[in-house]
Each structure stands twice: as C-alpha cells, then as structure tokens.
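Here is a short briefing on one protein chain. Take a look at the sequence and the structure first, then read on.

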Amino acid sequence: AVIGPNGAGKPTLLRSILGEIPSSGKINFLVKASPGRTPRIGYVPQKINFDIDSPVSVLDLVAAAMSKNPIWLWIKKPIRENAVAILKQVASEKLIDKKIGELSGGELQRVMLSMAMTPVPDLLLLDEPISSVDAKGISLFYEIVNSLKKQYDISIIMVTHNLTGVVPYADRMILLNRMIIAEGTPQEV
C-alpha cells in the first residue's frame, strides 16, 4: 500500500511505473515474469470519465478489452462466456448486461478490476480504487483483491487514503510525501 497526503506524488509514482511519464530514477521489477520480457501490468484508475447515458454495457466494455474484433457487430458466445468467468472472479457476473452508467462506484471499480486482470498481470496497480465506494463495497473490494493476490500470486501496489481499511491486507506500506517518509510493515509505518 502507498499512503500519503494529497500532492505527495502517489499517482505520479504509478504513472512512472506505467511508463506514462519520464522518471529520473530507475525502476527495477522484482515480480515474476517470463525471462526476456517486462512484467505485464494491470491498472485500475481512480475513476474513468464516460457518458452516463451511453448505451455501452458491462459486456461491451469487457468484451472490447478481450477481443481484437469490433464489438459493435456482435459478441461471440465464447467471448461472452469468458467475460462472465472474468466478472465472476470479482463478484460482478450479474452486472454483465447492465449499462455502465447504471453501475454504483463499487460495481464500476470491480468491472475495471476484472479488465485489469485480463490477461492476468504480473503487477497490478490500483490508484485509489475505493475513493467512490461505500463501506460495504470497500470491504468486498479488499476481499476480492486479496483473493486474486493469493490465487494468482501477483504483486499489487495500491494507492489509498484508507489507512485503517488497507492495514489487514497490506504486506508492506510506504508513506510518501514527495519522498519516502517511512517504509515497512503497516504496523511500522
């Protein structure tokens, strides 16, 4: 978990890891990846901007992330079945036919998480994924992320302001304020 006040550089750190902005330091990936390739990175942004009146469904969104074919023509049965399986991992399979604009904050973040897990990454980056999620949804989100971590043995970096909620799930924690202020177990930090 990466914690710190607003303006501390938390999203900047994630954007550097993603290669979206230049960094003056060196990033060494210590996650498991096949020899000769950089780690596959999954990313869940804090929020996405979209037209809430858009006719795009959860299936459309997930299928577009899974397929090289245009989804506006039709979605083949195997892609729908894969989408259901992927959404089931994040307790969202019942949302498959809902329009994106009808989703709650927690539902949308779980759908985004399912997309970040396709294909299964070596490193999963979560940028304040619970900022627009209610208390019940926060607990569910943490449980799902913890389950995915165990199931796939992936490394996860989560930026959060929810210190008390993340402590039971974090192995390591960094307190950032334009530089590393503290690093260690959640109890140490």
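Does alanine 91 count as buried, partly exposed or exposed? At 40% relative accessibility, alanine 91 counts as partly exposed, because that value falls between the cut-offs of 20% and 50%. Keep in mind that this is a predicted model. The points below start with a pair of helices and end with some backbone features.

**Helices α2 and α3**
- Helix α2 covers residues 58-66, and helix α3 covers residues 77-88. Their axes come within 10 Å and cross at roughly 105°.
- That angle lies between 65 and 115 degrees, so α2 is roughly perpendicular to α3.
- On the α2 side, the contact is made by Val58, Leu59, Val62, Ala63 and Met66. On the α3 side, it is made by Ile79, Arg80, Asn82, Ala83, Ile86 and Leu87.
- Sorted by type, the residues of this contact are nine nonpolar, one polar and one charged.

**A closer look at α3**
- Helix α3 has 12 residues, which should span 16 Å at 1.5 Å a residue. Its end C-alpha atoms are 16 Å apart, so the two values agree.
- The buried residues of α3 are Ile79, Ala83, Ile86 and Leu87. Seen down the helix axis, they fall within an arc of 95°, so they line one face of α3.
- These buried residues pack against α2 and against α4, which covers residues 105-116.
- Lys77, Pro78 and Lys88 are exposed on the other side of α3.

**Methionine 112 in α4**
- Methionine 112 sits in helix α4. Its relative accessibility is 11%, so it counts as buried.
- Leaving out residues up to four places away in sequence, methionine 112 touches Val44, Pro45 and Ile48.
- Methionine 112 and leucine 61 are 51 residues apart along the chain. Their C-alpha atoms are separated by 9.2 Å.

**Backbone features in the loops**
- Alanine 91 lies in the loop between α3 and α4. Its phi is near 55°, a positive value in a residue other than glycine.
- Glutamate 128 is not a glycine, yet it has a positive phi of about 45°. This residue lies in the loop between β3 and α5, a helix of residues 135-152.
- At 11% relative accessibility, glutamate 128 counts as buried.
- Threonine 118 and proline 119 are joined by a cis peptide bond, with omega at about -10°. Proline 119 lies in the loop between α4 and β3, a strand of residues 123-127.

How values were computed. Residues numbered from 1 in each chain as written. Predicted model: local features only at pLDDT ≥ 70, side-chain atom pairs only at ≥ 80, totals over all residues. Heavy atoms only, no water. Axes fitted to C-alpha atoms, helices over the stretch in contact; angles between N-to-C directions. Helix = DSSP H or I, 4+ residues; strand = E, 2+ residues; numbered from the N terminus. Parallel < 35°, antiparallel > 145°, perpendicular 65-115°, else oblique. Contact = heavy atoms within 4.5 Å. Nonpolar A, V, L, I, M, F, W, Y, C, P; charged D, E, K, R; others polar. Expected span 1.5 Å × (residues − 1). Buried < 20%, exposed > 50% of the residue type's maximum accessible area, 1.4 Å probe, protein only. Arc of directions from axis to C-beta.
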